[in-house]
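Look at the sequence and the model below.

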Amino acid sequence: MIPLRERLAELAGNLRWTWNGEFDHLFRDIDVDLWRKVNHSPTAFLAEVDPRKIEAQRADPRYCMRLERACHSLRDYLASDRHWALWSAPGLAARPVAYFSAEFGLHESLPIYSGGLGVLAGDHLKSSSDLGVPIWGVSLLYREGYFYQHISADGSQEEVYTDLDLRRVPVEPLLDGHGNHRKIEILVNSGSIPIFLWHTRIGRARLLLLDCCEGLDGTHRNTLTRRLYGGDQRNRLLQEVVLGVGGYQALRALGVHPGVLHLNEGHCAFAALEAAAQIKEERGLSFEEAVQIVRGRTLFTTHTPVVAGHDRFSSDLVEEHLEPLRRRLGLAVPQLLGLGRVNPQDESESFCMTVLAVKLANQTNAVSSLHAHTSRTMWQSLWPDRNVHQVPIGHVTNGVHVPSWIALDMAELFRRSLGEDWLLKLCRPELWDKIHQCDPFELWDLKCLLKQKNLTFVERRLHQREERLNVPLTPPLNPAALTIGFARRFVEYKRADLIFHDLDRLARLLGDSDKPIQILFSGKAHPNDHHGKAILRRIYQFTQEPRFKGKIFLIENHDMNMSRHLLQGCDLWLNTPRKPLEACGTSGQKAIFNATLNLSTLDGWWAEAYDGKNGYAFGGGQTHADPAVQDERDAASLYEVLEGEVIPEFFERSAGGIPAKWVGRIQRALATLAWRYNSDRMVMDYVTGCYLPASGSLTSFFPPSP
């Protein structure tokens, strides 16, 4: 007799279910309402489900067969060594990559992410797993995670924090040989900080999570690792000490000897200093000798083209919490502080984590070609003897983990059109050229089906809010309308409200009953970003105006689940950043794989990807010294592209009833973009261009991991 619950628990114990649609349906089919209630977490589902509902599936031989097949699929996946890294990067098996990031977006049921940075980190681990690249992610276990967002009756954002029940999320405590919860302690000036170790399995990859909310005495109780990007400057600095210093010490305590340190943003730069301290102590080297070794194996990825987005701390605060590490490194106070300054001798300059990371890394990379140029300009002062084009900051353009974001129906279409093994050939242009042979009618019919599913989801989300506020329910949305999606962080430079620049012109666009249009907005503003909150409130108020009501919608609590639905079900994905302030913008890459076209300024990845026929662009790639002038010009261009290109092509139908030009753009987008803008290609670029050279420099200093 098949032990159904044990089999389901086996699947729940590895987050490969987050990108294998078959796993998802095995839980959904037992109790779909509970599956939605627990935010698609198998761990929480198994804790709550009525055992009789599981046993009822035993009578369905097809369900039992699917369950057995899923378990065998997971076991075969984990056991197989026939993957890309076996042939392309065998040396990493002995010296794995340690990938540090302040957040990881793996699934909506584990809310330790806020947005693009974390989702990118999660996709990086997933593709590393698929490719067989040995990797450990390192981050913090935030007991309240990022906030749930409620939108009040007047459109104000309300942040709701809830404690994670660690028995109901996909994480496990790491235990020592006696069955006790493993912990380490790190030293700061105020004393020791105990750090309890948790982990989660992401296919073949592992994510180590650091928790300071157990057994911590004093003023830091329940605050230090409680909230992502929460607390004051002191709390923020301590979080980054825990992440970098604690994270590296924890890896070593587990017997992991990284061959490569990959610092994903400056938050985790202290990891390189801790690595230098350990090498100095173990080898009896000077600081300069130890840091040179660390530099040889350290890679730093910067994501932030906005000056205010780089963490900076006062000198007093750094010395207060870094003194024990400083003494281990054998540095005087000015030497330590100088590592985080562009000008080490300038005592008025604050300590910048990005500057520290750049100085400690052998390679620094941006996340798109344009972002690399922006970063070279931003940090040229670190190389005062070089012009901006000689600044050694390169780029690896981001990509997205296709199985995590693609609709299952679309994946099935690709399987039929491109071949059974299409996911193993993602990075081959010739694979995607076959998309032109796909029946346009079949592609369009599928897109219409995905749109209807998305609108049903949106209506359900809108109704949940309306019932909470006791206001009238939104009528059904229009499946025949051109559906435009905008879902990202609400921050000033992303200009979520750009389309409202000329309200009369927008009203005319949305008022044509023969060519209906509906716009779906979703996103969060940081709790301390009052400007971002004002933009959100303003957009909500527009949704209530009579000329826009029923045509523009704002859906609360954007998360990975919301993102998937909108990306899969919208016709057009709108991105409006003020150039050149978008580092990459990976949501538009996710749109490609779901046959959703992009309409964006020529910023981030779109600046290198748009060819005039694989989507739409506005603004002409131009910038202006006055942001108000640039916004006015970009808004006018946005309306012109909508009126002159997007709307006519969407509503112009062939004799068979499909928008032939529109579908042609979808096929061209897939043919020209899908092979490149996926995270398999991104990870391969990191491995061949960064990881392998870095790991090769370490052979004589670290033994291989056991």
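Leucine 477 sits in the loop between α19 and β15. Helices (H or I, at least four residues) and strands (E, at least two) are DSSP runs, numbered from the N terminus. This is a predicted model, in which local features need pLDDT of at least 70 and side-chain atom pairs count only at pLDDT 80 or more, while totals for chains, interfaces and linings use all residues. Residues are numbered from 1 along each chain as its sequence is written, and side-chain values use heavy atoms, with hydrogens and water left out.

Is leucine 477 buried or exposed? Leucine 477 has a relative accessible area of 7%, so it is buried; the term means under 20% relative accessible area, whereas exposed means over 50% and partly exposed lies in between (1.4 Å probe, protein chains only). Leucine 477 and phenylalanine 553 are 76 residues apart in sequence, and their C-alpha atoms are 9.8 Å apart in space.

The loop between α19 and β15 (482-487) also holds asparagine 470. Asparagine 470 is exposed, at a relative accessible area of 71%. Its phi is near 60 degrees, a positive value in a residue other than glycine. Most residues other than glycine have a negative phi, and most peptide bonds are trans. Alanine 595, in the loop between α23 and β19 (597-601), also has a positive phi, near 60 degrees. Alanine 595 counts as buried, because its relative accessibility is 2%. A cis peptide bond, with omega about 5 degrees, joins lysine 579 and proline 580. Proline 580 belongs to the loop between β18 (572-575) and α23 (587-592).

Next come pairs of helices. Two packed helices are described by the angle between their axes and the distance between the axes. Helix α17 (residues 408-418) and helix α19 (residues 440-469) have axes that come within 10 Å and cross at roughly 165 degrees. Therefore α17 is roughly antiparallel to α19. Axes are lines fitted to C-alpha atoms, for helices over the stretch in contact, and angles run from 0 to 180 degrees between N-to-C directions. Angles under 35 degrees count as roughly parallel, over 145 as roughly antiparallel, 65 to 115 as roughly perpendicular and the rest as oblique. Helix α10 (residues 270-283) packs against helix α12 (residues 315-329) at an angle of about 40 degrees, with the axes 9 Å apart. These two helices, α10 and α12, are therefore oblique to each other.

Helix α9 (residues 233-253) has 21 residues, which should span 30 Å at 1.5 Å a residue; its end C-alpha atoms are 29 Å apart, which agrees. The expected span is 1.5 Å times one less than the number of residues. Where does α9 bend? The bend, about 30 degrees, is at glycine 246; a bend is the angle between axes fitted to the seven residues ending there and the seven starting there. In α9, 18 of the 21 residues are buried. Just after α9, glycine 255 takes a positive phi of about 85 degrees.

Helix α27 (residues 679-696) has 18 residues and should span 26 Å at 1.5 Å a residue; its end C-alpha atoms are 24 Å apart, which agrees. α27 bends by about 45 degrees at valine 687. Its buried residues include Met682, Tyr686, Val687 and Cys690.
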